[in-house]
Amino acid sequence: MMIMMLETKSETKLQKRICQVVLDQFDKQYSKELGESWNSVREVLIAPQCWQYAALLNKFSNSSEVEDNLHLKGYHLLFPETSSFKCYIRSIPGRFPAQRHRAGKLKEYYLLNAASLLAVMALEVENGEKVLDMCAAPGGKSIATLQCAWPGLLLSNECDNLRLHWLKQTLESFIPESVMNIVTLSQWDGRQIGNLQPERFDKVLVDAPCSNDRSWLFSSDIQQATLRLAQRKLLSAVQIELLR
Ligand SMILES: C[S@@+](CC[C@H](N)C(=O)[O-])C[C@H]1O[C@@H](n2cnc3c(N)ncnc32)[C@H](O)[C@@H]1O
């Protein structure tokens, strides 16, 4: 009886609560923008248990134990063995547990939406190239870039103080010190880098700030969520400025 109560309690804890103000706004905006398709998008958006996460293995910290575990749980490689990325996905939705920080040890995998890798693949970074990751926190694409090439320089930039700290921690958890010497962190407004450092980079990745719909939909702070709904209208202007 006690065990059942505990299980129900932890299940309830795992269930995220939808912020109704945000959902109402999405219904209004996206039914206009997406028409019929909004119904199927909405269905997935409100069901975190359907969200799919992939595990990108860290080549700097290989572990056959993790791979065995992934296979046991029904995961398979997304790309052929010859690819630069060892990324595991599975058709059943769900999430492989995130790895905790272990002092002095690199993390073995990074959880992400596999579609995030497309931007890095499209960049086709060659060894020795100078690369700018303009909006880099929390660091998924910087880590992915370092899985597929040895850039001459990777400048991981993030304008937000707290997120820059998060970025630094992520990089330190995945990249060995010997490789960190090709990585530089900076805190510029991405809109100014082009003027400050013209022609410095061979490739630039701009993962511009997005509306972050999934997190705001489950926000527990209605005031913050409402403020954010108003701010998201300004996002497209920032995105365009970052691309210029
Ligand atoms: C979509 S997230 C980036 C995700 C990251 N590329 C990854 O793969 O983990 C966008 C980031 O851009 C940052 N950002 C927003 N405006 C910016 C600006 N003007 N210059 C630089 N970074 C900016 C945000 O703070 C946020 O961390």
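The model is predicted, and local features are reported only at pLDDT of at least 70, side-chain atom pairs count only at pLDDT 80 or more, and totals for chains, interfaces and linings use all residues. Residues are numbered from 1 along each chain as its sequence is written, and side-chain values use heavy atoms, with hydrogens and water left out.

Helices (H or I, at least four residues) and strands (E, at least two) are taken as DSSP runs and numbered from the N terminus, and two strands pair if DSSP finds at least two bridges between them.

Strand 5 (residues 130-133) pairs with strand 8 in the parallel sense through 3 bridges, and Leu 132 has Val 204 of strand 8 as its bridge partner.

Two loops beside these strands deserve a look. In the loop between strand 5 and helix 6 lies Pro 138, which is joined to Ala 137 by a cis peptide bond with omega of about 5°. The loop between helix 9 and strand 8 holds Glu 199, a residue that has a positive phi of about 60° although it is not a glycine.

How do helix 5 and helix 6 cross? The axes of helix 5 (residues 116-123) and helix 6 (residues 140-148) come within 10 Å and cross at roughly 45°. Helix 5 and helix 6 are therefore oblique to each other (angles under 35 degrees count as roughly parallel, over 145 as roughly antiparallel, 65 to 115 as roughly perpendicular and the rest as oblique). Their crossing is right-handed, a term used if the near helix is turned clockwise from the far one by less than a right angle, and left-handed if anticlockwise.

On a 1 Å grid over the protein atoms alone, a cavity is a set of points where a 1.4 Å probe fits but cannot get out, while a pocket is an open set with protein on both sides within 12 Å along at least five of seven lines; lining residues have an atom within 4 Å of a point. Grid points are joined across faces, edges and corners, and a volume is the space filled by probe spheres set on the points.

The second largest pocket holds about 200 Å³ of space. Of its 15 lining residues, Met 134, Ile 193, Gly 194, Val 204 and Arg 244 are the closest to its centre. Helix 9 (190-196) and helix 12 (235-243) each supply at least two residues of this lining, and helix 9 gives the largest share, 5 residues.

The structure also holds 1 cavity of 30 Å³ or more. Helix 2 (20-34) and helix 11 (222-231) are the elements that give two or more residues to the lining of the largest cavity, with helix 11 giving the most, 3 residues.

Definitions and conventions:
Axes fitted to C-alpha atoms, helices over the stretch in contact; angles between N-to-C directions.
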